[in-house]
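Here are my notes for a colleague opening this structure for the first time. Please read them with the model on screen.

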Amino acid sequence: MTNARGLANHALYMARLLLEAWQRDLGRKDCVTGAIDAAFAPAVRGHLLDAYGWFLLAMMRVTQLPEQPPHRVADLPKAGPGIAVPGEVLEYEGLEANGWLARLQAPLPQGLPKRPKGPVLASAGVYPNITDYQEWADTFERLFDRMGDSLDEY
């Protein structure tokens, strides 16, 4: 039987595999960095959002899993009678509104990322790069590890 926590770990693993390939391709001299970013970013983003959704379902102790995970707290099924929404879920909802999760959930621009006209930091808010995705994957891994013990208790 597949469970939400296992699916979250699997999606995070898939994101890590893509991040490794992304990093390798960035070192190629025959490729444009913007094209490499545009090729990998949507796939890595999708796996990270799936990992997050499965993780949310695990935290809510959902056993009847949907075909696709939600990508936002607002899309979670309602908690059953007598089941409290974990405080962490409410914390993540806040991060979705104004925090690192909001950046991960933001739609990616179509086409290739625009070349920055000024300092590199000026473009960081527009198109996430591999460093952003690596940080988000690391954050999810820490969250999964931290919450894993409390999920195991049930």
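1. Start with the aromatic residues. The structure holds 9 aromatic pairs. Rings of Phe, Tyr and Trp (its six-membered ring) pair if their centres lie within 6.5 Å. Planes under 30 degrees apart count as stacked, over 60 as edge-to-face, and the rest as tilted. One of the pairs is Phe55 with Tyr92: the ring centres are 6.2 Å apart and the planes stand at 50°, so this pair is tilted. Phe55 belongs to helix α2 (residues 33-59) and Tyr92 to helix α3 (residues 87-97), so the pair ties together parts that are 37 residues apart in sequence.

2. A word on the origin of these values. This is a predicted model, in which local features need pLDDT of at least 70 and side-chain atom pairs count only at pLDDT 80 or more, while totals for chains, interfaces and linings use all residues. Residues are numbered from 1 along each chain as its sequence is written, and side-chain values use heavy atoms, with hydrogens and water left out.

3. Buried means under 20% relative accessible area, exposed means over 50%, and partly exposed lies in between (1.4 Å probe, protein chains only). Both residues also belong to one aromatic cluster, formed by Tyr52, Phe55, Tyr92, Trp100, Phe140 and Phe144.

4. Now the overall fold. The protein has 6 helices and 0 strands. Its pattern along the sequence is α-α-α-α-α-α. Helices (H or I, at least four residues) and strands (E, at least two) are DSSP runs, numbered from the N terminus. Of the 154 residues, 36% count as buried. The protein exposes about 9,300 Å², and carbon and sulfur atoms supply 55% of that area. Accessible areas come from the Shrake-Rupley method with a 1.4 Å probe; for residues, only the protein chains shown count as cover. Among contacts between residues at least 6 apart in sequence, 67% join residues at least 24 apart. Contact means heavy atoms within 4.5 Å.

5. Look next at how helix α1 (residues 4-26) meets α2. Their axes come within 7 Å and cross at roughly 165°. The two helices are therefore roughly antiparallel to each other. Axes are lines fitted to C-alpha atoms, for helices over the stretch in contact, and angles run from 0 to 180 degrees between N-to-C directions. Angles under 35 degrees count as roughly parallel, over 145 as roughly antiparallel, 65 to 115 as roughly perpendicular, and the rest as oblique. The crossing of α1 and α2 is left-handed; that is, the near helix is turned anticlockwise from the far one by less than a right angle, whereas clockwise would be right-handed.

6. How do α2 and α3 meet? Their axes come within 10 Å and cross at roughly 150°. That makes α2 roughly antiparallel to α3. On the α2 side, the contact is made by Tyr52, Phe55, Leu56 and Met59. On the α3 side, Glu88, Val89, Tyr92 and Glu96 take part.

7. The loop between α2 and α3 deserves a check. Pro86 lies in this loop and is buried, with a relative accessible area of 18%. Pro86 touches Met59 and Met60, not counting residues up to four places away in sequence. Arg61, another loop residue, is partly exposed at 36%. Arg61 has a positive phi of about 60° although it is not a glycine.

8. Ala41, in α2, is buried with a relative accessible area of 0%. Leaving aside neighbours within four places in sequence, Ala41 contacts Trp22, Leu108, Tyr127 and Tyr133. Gln105 is found in helix α4 (residues 100-105) and is buried at 4%.
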